[in-house]
Amino acid sequence: MIGKTPPPGTLVAIPLRDALRGAERVWDVTEELLEPVAAILPPALATSLKSALDQAERSALAGLHDPPAHADIARAAHFLTGEDTAVASAEAFARILAYAAERTAASTGGSFLASEGVAVSATLALSGGRTGADRAADIVLALRRAFAVGSVPGTPIRLTADVARGVDVCLFAAALWMLAAREPTEEKEVEVFRLALALTRTLSDQVSEWSKDSDALAHGLRDLSEHV
Amino acid sequence: MSDGQHDPGREGELIVPSLPLGDAEGPVRKAAQRLRWFVRAFEAQVATTADETGHVYRIDTDRLSAAFAGWLQNFNLQKPSAVEERPAYVGFAAGLMLRELIAADPVSVDARGPSVGKDTPAGYWPEGYVYVTFCLNVRGLVLQKDYNAHQSPSDDVRDVRTWWSFRENVAEDGALALAFLDLFAGVEPDWTTPALFSKRAFGTLTKRYFVSIDDHSSDSGDPG
């Protein structure tokens with residue numbers, strides 16, 4: 001049951017970004033498939049699909065892959081710890097998560113992405129009055145249950161062991177970044193995420209263990225966030 | 001801001017980079033327990049060493065983070081609860097870091113400086129030279145800023161023959177990195193159980209870690 005309903009504008013913007021990320025994934029798959037059958041398929045098919053995607057990327061959603069804005073980072077951090085549970089803050093956190101998924105997949109060679117829509121729904125549905133790292137752990141596990149990050153977000157489809165591990169790393173690294181001390185610039189914040197991701201990857205076995213229990217996960221997040 | 005303890009330019013001389021001093025509100029030893037400080041300080045050290053030697057270094061951040069994670073785990077395992085033991089733990093912690101850096105080996109050399117001979121520590125083991133100078137510099141910075149003490153590195157840090165022994169021995173037993181760092185820092189090493197902090201006599205500790213403290217300080221005996 002969703003406790004808070006996103007405003008109408010959100011209902012358009014978030015699905016469009018999710019669709020664009022998904023379309024890019026489809027293009028990647030299509031391009032790979034086209035290679036061995038290039039001699040058979042008409043070249044115009046590949047050209048028109050690529051052209052359509054290029055146009056979409058130049059649209060108002062062109063900032064899809066940019067690092068998150070500094071204001072978004074601060075807002076998302078407050079949402080994660082429970083200081084600010086507004087819908088707009090949940091959306092900011094969802095954008096952070098999408099960025100984290102993209103960077104994690106790129107660094108691990110994994111094939112997964114985040115759905116902002118699923119993330120917003122899952123996090124707003126969270127009940128209970130926990131705050132800080134406890135709430136952060138609850139959010140991580142809620143996102144995990146909802147498959148907010150995955151090969152096909154929102155479904156358990158193609159969640160192989162490698163992808164599942166990558167998802168755990170992504171979720172933990174994103175939460176760790178949000179719980180860590182803030183930096184004054186976007187550039188330095190991106191560096192902090194890079195370090196949070198590197199640390200999480202180093203401790204991925206431990207992260208997987210912690211992810212089995214909310215209290216253990218909260219303890220791990222709380223402890224490590226002081227050292228990032 | 002530079003915390004230079006030595007004149008730059010002498011071959012094999014420790015060159016102190018502009019290490020970040022951490023948060024204005026807290027001690028350096030606390031900042032050093034944060035990955036972001038550690039990485040920035042390490043990058044500063046690599047840049048300084050590259051300027052000194054002409055070596056072109058490359059840093060693997062994942063390996064560097066792995067070294068930090070391993071260090072943090074071991075640092076917390078043996079951290080003393082007694083406040084009076086904390087200054088001594090600075091040196092031990094620096095040795096732990098050297099062990100982790102050597103094991104993770106996050107630095108590689110893309111090109112060697114043309115004027116650095118292999119008969120110098122920096123020329124013989126460029127990567128190890130970075131690790132040692134970094135650990136010594138952080139050790140010295142924490143002692144100076146947090147405990148108003150300072151270290152006096154020994155001549156061994158400039159002796160390539162000691163480095164031959166250093167590299168060979170730590171390849172067989174990583175724990176000896178702690179003993180060698182003590183040697184380089186000018187304090188008496190524990191060659192028997194270098195990786196066990198609890199085994200060290202406190203009297204020995206005060207002598208080892210405050211070798212250069214002013215004469216009026218009361219550090220020479222067992223504090224009881």
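This is a predicted model: local features need pLDDT of at least 70, side-chain atom pairs count only at pLDDT 80 or more; totals for chains, interfaces and linings use all residues.

Entry 1, a single residue. I then looked up A:Ser89, and because its relative accessible area is 0%, A:Ser89 is buried. I found A:Ser89 in helix H4 of chain A, which covers residues 87–108. Setting aside the neighbours within four places in sequence, I listed the residues in contact with A:Ser89 as A:Arg75, A:Ala76, A:Phe79 and A:Asp84.

Entry 2, chain A as a whole. I counted the secondary structure of chain A next and wrote down 10 helices and 2 strands. Read from the N terminus on, the elements follow the order α-α-α-α-β-α-α-β-α-α-α-α. Chain A has 228 residues, and buried ones make up 44% of them. For the contacts in chain A between residues at least 6 apart in sequence, I noted that 72% join residues at least 24 apart. Chain A exposes about 10,600 Å², with 58% of that area supplied by carbon and sulfur atoms.

Of the 224 residues in chain B, 54% are buried. Among the contacts in chain B with a separation of 6 or more, residues 24 or more positions apart account for 66%. The accessible surface of chain B comes to about 10,100 Å², and carbon and sulfur atoms hold 47% of it.

How many residues of chain B are in contact with chain A? I wrote down 13 residues of chain B, in contact with 17 residues of chain A. The area buried between the two chains is about 1,400 Å², of which carbon and sulfur atoms give 49%. B:Leu35, B:Arg36 and B:Arg40 supply 40% of the area that chain B buries against chain A, which is more than any other three residues supply. I also counted 10 residue pairs in polar contact between chain B and chain A, with both residues at pLDDT 80 or more. On the side of chain B that touches chain A, the elements giving two or more residues are helix H2 (35–53) and helix H3 (61–78) of chain B. The largest share of that side, 7 residues, comes from H3(B).

I looked up the count between chain B and chain A and found 4 salt bridges. In one of them, the side chains of B:Arg36 and A:Glu183 meet at 2.9 Å, N to O. A:Glu183 also meets B:Arg40 in a salt bridge, here at 3.1 Å, N to O. Because A:Glu183 lies in the loop between helix H7 (161–179) and helix H8 (186–202) of chain A, and B:Arg40 in helix H2 of chain B, this pair joins two chains. A:Glu183 is buried at a relative accessible area of 10%, whereas B:Arg40 is partly exposed at 25%. I noted too that A:Glu183, A:Glu191, B:Arg36 and B:Arg40 are linked in a network of salt bridges. A further salt bridge forms between A:Arg201 and B:Asp62, whose closest N and O atoms are 3.1 Å apart. A:Arg201 lies in helix H8 of chain A and B:Asp62 in helix H3 of chain B, so this pair, too, joins two chains. A:Arg201 is partly exposed, with a relative accessible area of 29%, and B:Asp62 counts as partly exposed at 34%.

Searching the whole structure, I found 19 salt bridges over all chains. One that I followed up is between A:Asp134 and A:Arg222, with the closest N and O atoms 2.9 Å apart. A:Asp134 lies in helix H6 (residues 132–145) and A:Arg222 in helix H10 (residues 214–225) of chain A, so the pair ties together parts that are 88 residues apart in sequence. A:Asp134 counts as partly exposed at 24% relative accessibility, and A:Arg222 is partly exposed at 36%.

Notes
Residues are numbered from 1 along each chain as its sequence is written. Chains are lettered from A and ligands numbered from 1 in the order in which they are written. Side-chain values use heavy atoms; hydrogens and water are left out. Helices (H or I, at least four residues) and strands (E, at least two) are DSSP runs, numbered from the N terminus. Buried means under 20% relative accessible area, exposed over 50%, partly exposed in between (1.4 Å probe, protein chains only). Contact means heavy atoms within 4.5 Å. Accessible areas come from the Shrake-Rupley method with a 1.4 Å probe; for residues, only the protein chains shown count as cover. Buried area is the accessible area (1.4 Å probe) that two parts lose on being put together, summed over both. A polar contact is a pair of N or O atoms within 3.5 Å; within protein, one must be able to donate a hydrogen and the other to accept it, and residues adjacent in sequence count only if both atoms are side-chain atoms.
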